[in-house]
Amino acid sequence: MEFIRNFPFFSILLPMVFGPISSCLSGKTAKKISFTILCIDCILSGAVLAYEQQTGGSFTYRMGNFPAPFGNEIRIGVLEAFMALFFCAVMLFSLFGGISHVAMDVPEEKTNLYFIMINLLLSSLLALIYTNDLFTAYVFVEINTISACGLIMIRGWGRNILAAVKYMIMSLLGSGLLLISISILYGITGHLLMENLHESVVQIMAEQTYVEPLTVAIGLFCVGIAIKSALFPFHSWLPDAYSYSTCSSSAILSGLVSKGYIFLLIKFFYRVIGTDIIHQSHVDNILFIFGIAGMIIGSISAIQQTDAGRMIAFSSVAQIGYIYMGFGLSTEAGMIASVFHILAHAASKSMLFVSATGLSEVSGGNTFYRALTGAGYRHPFAGIAFSVGSFSMVGIPLLAGFTSKVYFAEAAFTASRSKMIVTLIALAISTVLNAMYFLRQVITIYTPARGLPKPEGYHMAKSMCAALVLFIVINVLLGMCSHPIFLWIRDGLANFS
Amino acid sequence: MSILWENYIDVAAMILFGIGFSNLLLQRNLIKKIIGLNIMDTAVYLFLASMGYLTGGEAPIVENGVVEAEKYINPIPSGLVLTGIVVSVSVTAIMLSLTIRLYQRYRTLDLDEITLLVRKEHNDGIYS
């Protein structure tokens, strides 16, 4: 059983090795290899989760067998293992659901390049989840950015390239801030491994030396991650990047890429700085304010959109706001709710992007929201999946989004009085706003349309239908059997510190 | 004031970081943005490298049997700078290649003009 301890390292290494190899393979072979690797990674992560479940606790895995503080480490606990499994599964389903569109949108000779990006992205996401070293995290953040940029621009339209440039500019600003923050932390502590950093930070706070540089470093780190994960005032790159790329790309970008950064921020809060010191530095209050603003303004922007793709993209801004609001509550329950919302949002938003593509494909490739009238009858699977996703985001019971909203509301009662009132009001307003644009779209796709028959010789792609069914299952599972997941998140977070 | 003079390298690094950051954020010309990106990254490397440097220290390679640690500079920041340079070279290459693609298509480097042209294309229904 000890052998399982090597699995997380293998699951990072495998896509990283086979990604570059697929540059000299044909598109078809690269596709097969990518799917195989994704499946293998799912199995490996599942085995790690089972192992963690049996042994409890966590372990660190030394790379190259140099002991700390010299060597590089990855750390595996129950939360990391579960996140890795979930990310691999969502990525597999997103890729599977949009595979017929990848063939349409990506030129034949470039298909293998697309799968390089997918492999690198998978590898960097897993590394962000597992890493125990801040500088390694920075390097993988950059790999993540580069591969995400590749996913955005692969379609090759003018506006894709523009969206990719805008994404890169904002992301690079964020990475610059991350890098300087890590440098400052290294300067005042002399460490890069998370445990050693934490010890030094506690010592700094006890002796009250270098408190200002520490606060600056925490602030810069949070702003850097906030820019990269599109928290409200920094979301300008998001709608173009999400809505114009091919459907697998949008699903993976919205569901996973920004979540990888947020998970790194959680590790930074718990394992590097410690939640008490974060609370003392008042960073959580600032995140709370911007999270609330994002929830409301993201939803209002989504209402103004006439394009279904852009509407879903703006809804992501609102959902990212929810996650940061949970951080801002600065209680354990708030953090658990945020982590659960990461899962709920990844499962629902990826499904919404895939199903929206299915709906537009039976409406002449148009994504204008009125053009989708009656599309739910023409593509029943996508119609049902879109409705389930919308209901989940609005917060209809039995679905993932509802459970996370319940957790948020419960968490609000553990926070201070003023935060509780603001949170509950913001949750209520944002739910109403969510309902306005999502239900409008659901009603439109189920309004019978005259004169728009199914295109001649059209067949629903089987892969898309299968992926959508799997997504629905995940959503319902997250909604109805949330308790074990809640326990994993709680134990994992408790293990972090 | 004297503390600024004593740490003049760090001060210079922070000023350069500010210049690079604001250029990357505010310039409309894509090439100037990329120059800003490079200034910003270089500022961080200056900051890191100065942190690991000891006056009179040698490169950390044992020569002539000298093994006292204080004779050598701290190698870790240098290692971080090397890694960072690799990252920033690859990112710069990607930005430049994207800029070439945009310039070939729209014959301008001004990001605002390109945005207008893209919007016009979108309104005219050009998808390619």
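Colleague: Where in chain A is Ala230(A) found?

Modeller: This is a predicted model. Ala230(A) lies in the loop between α9 (211–228) and α10 (238–244) of chain A.

Colleague: Which residue of chain B has a positive phi although it is not a glycine, and where is it found?

Modeller: That is Arg107(B), with a phi of about 55°. Arg107(B) sits in the loop between α4 (75–106) and α5 (111–123) of chain B.

Colleague: Is Arg107(B) buried or exposed, and how do you know that?

Modeller: The cut-off for exposed is over 50%. The relative accessible area of Arg107(B) is 58%, so Arg107(B) is exposed.

Colleague: Why are α7(A) and α3(B) called roughly parallel to each other?

Modeller: Helix α7 (residues 158–189) of chain A and helix α3 (residues 30–52) of chain B pack at an angle of about 10°, their axes being 10 Å apart. Angles under 35 degrees count as roughly parallel, and α7(A) and α3(B) therefore get that label.

Colleague: Which residues make the contact, and how do they divide by class?

Modeller: Among them are Leu172(A), Gly176(A) and Leu179(A) of α7(A), and Leu37(B), Met40(B) and Val44(B) of α3(B). By class, the contact of α7(A) with α3(B) has 15 nonpolar, 3 polar and 1 charged residues. Lys33(B) is one of the contact residues on α3(B), and Lys counts as charged.

Colleague: How many disulfides are there over all chains?

Modeller: The count comes to 0.

Colleague: How do you know that Cys39(A) is in no disulfide?

Modeller: A disulfide needs two cysteine sulfur atoms within 2.5 Å. For Cys39(A) the nearest cysteine sulfur is that of Cys42(A), 6.4 Å away, so Cys39(A) is in no disulfide. Cys39(A) has a relative accessible area of 35% and is partly exposed.

Colleague: What makes the radius of gyration of chain A agree with a compact globule?

Modeller: For 497 residues the globule value would be near 23 Å; chain A has 22 Å, which agrees. The C-alpha trace of chain A spans about 75 × 55 × 45 Å along its principal axes. Chain A has 21 helices and 2 strands, and 66% of its residues count as buried.

Colleague: What does the globule comparison give for chain B?

Modeller: A compact globule of 128 residues would have a radius of gyration near 14 Å, but chain B has 21 Å. The C-alpha trace of chain B spans about 75 × 40 × 15 Å along its principal axes. Chain B has 5 helices and 0 strands, and buried residues make up 32% of the chain.

Note on methods:
Residues are numbered from 1 along each chain as its sequence is written. Chains are lettered from A and ligands numbered from 1 in the order in which they are written. This is a predicted model: local features need pLDDT of at least 70, side-chain atom pairs count only at pLDDT 80 or more; totals for chains, interfaces and linings use all residues. Side-chain values use heavy atoms; hydrogens and water are left out. Axes are lines fitted to C-alpha atoms, for helices over the stretch in contact, and angles run from 0 to 180 degrees between N-to-C directions. Helices (H or I, at least four residues) and strands (E, at least two) are DSSP runs, numbered from the N terminus. Angles under 35 degrees count as roughly parallel, over 145 as roughly antiparallel, 65 to 115 as roughly perpendicular and the rest as oblique. Contact means heavy atoms within 4.5 Å. Buried means under 20% relative accessible area, exposed over 50%, partly exposed in between (1.4 Å probe, protein chains only). The radius of gyration is taken over C-alpha atoms; the globule rule is 2.2 Å times the number of residues to the power 0.38.
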